[in-house]
Amino acid sequence: MGIYEELEWRGLIKDVSDPSIREKLNKGGMTFYIGTDPTGDSLHIGHFSSFLICKRLKDAGHHPIVLVGGATGLIGDPKPDSERPMITKETVLHNYECLKNQLVNLFGCEVVNNYDWSKDINFIDFLRDFGKFFNVNYMLSKDIVARRLEQGITYTEFSYMIMQALDFWWLNQNKGVTLQVAGQDQWGNITAGIELCRRKSNKEVYAFTMPLLTKSDGTKFGKTNGKAVWLDKNKTTPYEMYQFFINSEDSKVIDYLKFLTFLSKEEIEELEVKHNAAPHLREAHKALAKAVITFLHGEEAYNEALATAQAVFSGQGSSNMPTLELKEEDLVDGQIDILSLLVKCGFASSKGDARRTVEQGGASIDNEKVSDVKASYSKEQLTNGLIVKKGKKNFKKVIL
């Protein structure tokens with residue numbers, strides 16, 4: 001099975017610019033790029049799904065370049081429903097350095113910044129050298145722009161397409177890039193880059209997109225939708241990542257194994273058989289958690305996350321689990337009540353919310369369900385540490 005067929009089996013090919021991409025990918029030797037804007041100081045699991053293409057294609061004999069868009073990050077890719085908030089140059093520069101370090105550590109690939117070749121282009125040259133190759137009707141027909149026309153789109157956002165196309169052209173001219181890979185939501189920007197290379201330099205370049213990593217309801221993984229799962233272990237601990245994958249949807253876990261791991265077709269199909277026969281054993285989920293955490297943080301971090309999860313499940317403490325430290329002033333007469341504990345742990349938004357959690361049987365202390373909303377815990381108990389739990393997924397060790 002060639003690399004194209006493997007990507008197809010994993011569900012990682014959505015759109016292709018030319019049928020010849022199959023042969024070109026299987027042959028090897030292409031220089032390609034994939035990019036992201038530095039809107040945060042860490043990549044998240046949605047990025048990880050896409051950026052794994054660097055290793056997949058590198059192992060198949062291609063050369064990856066990762067673009068972190070210091071220039072495009074200052075402008076903002078149009079969202080389907082609203083304009084992105086502008087971020088400062090200082091923030092963009094800080095985020096760029098953080099993402100560059102992550103990408104180099106994870107994939108060992110070349111990282112470039114489009115600010116380097118965009119910053120000295122003046123407005124007149126931009127219009128003459130690039131703008132003249134873009135027909136406004138062509139730009140208006142792109143999906144993301146068309147979806148924003150009714151509510152309105154600024155000229156700044158409208159220009160993003162040209163800036164990304166400029167990147168493809170510059171990398172083709174200066175780095176020999178002939179292939180761009182991106183998530184499916186970038187198809188309009190990608191095809192604009194292909195057209196610019198053809199019209200400005202008479203060069204043939206290619207592209208394919210990958211489906212976005214989504215939940216069963218179609219929402220994508222990212223910091224825009226719900227709580228992000230960050231690749232930086234200081235933002236999402238290996239234990240929290242373990243819990244995320246162990247509790248991922250049964251209907252999606254095989255897709256996640258294909259998207260997020262390098263397990264072979266045979267290994268994943270074997271896990272699929274086990275999962276279908278006994279989903280409660282979480283064999284596929286455990287394999288997913290192990291593969292991703294080990295790749296990102298190493299085997300030791302995975303083993304610590306696993307030990308923490310087992311300790312929490314058995315009702316024992318662990319030095320690696322999320323911890324809340326209370327102070328003497330948090331106590332009243334040397335005690336703290338269950339409702340205050342749930343609020344301080346972040347498991348309830350208010351004491352009223354905490355009361356409902358207790359009344360519905362959703363709270364436990366040291367693996368013992370709490371049924372009394374007036375339950376309280378002493379200074380001595382807190383000194384030894386208590387494991388506070390809400391539902392099946394939320395745990396925290398509380399110590400004084």
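**A quick tour, starting at a strand pair**

Select residues 386–390 and 394–399: these are strand 11 and strand 12, paired in the antiparallel sense over 5 bridges. Keep in mind as you go that this is a predicted model. Now pick out V388 and look across to strand 12, where K396 is its bridge partner.

On to the inside. Select L25, F208 and L260, the residues that touch the most other members in the largest nonpolar core, which has 62 residues. Stay on L25 and show its surroundings: leaving aside residues up to four places away in sequence, L25 touches I3, Y4, L7, M30, L57, H62, L179 and F208. Then jump to F133, V145, L171 and I190, which are among the 28 residues of a second, separate core.

Last stop: the cysteines. How many disulfides does a search of the whole structure find? The count is 0. To see why, select C109, which is buried at 8% relative accessibility. The closest cysteine sulfur to that of C109 is in C54, 4.7 Å away, too far for a bond, given that a disulfide needs the sulfur atoms within 2.5 Å. Now try C98, which is partly exposed at 23% relative accessibility. For the sulfur of C98, the closest cysteine sulfur is in C109, and at 16 Å that is also too far for a bond.

Key:
Residues are numbered from 1 along each chain as its sequence is written. This is a predicted model: local features need pLDDT of at least 70, side-chain atom pairs count only at pLDDT 80 or more; totals for chains, interfaces and linings use all residues. Side-chain values use heavy atoms; hydrogens and water are left out. Two strands pair if DSSP finds at least two bridges between them. Helices (H or I, at least four residues) and strands (E, at least two) are DSSP runs, numbered from the N terminus. Buried means under 20% relative accessible area, exposed over 50%, partly exposed in between (1.4 Å probe, protein chains only). A nonpolar core is a set of buried Ala, Val, Leu, Ile, Met, Phe, Trp, Tyr and Cys residues joined through side-chain atoms within 4.5 Å. Contact means heavy atoms within 4.5 Å.
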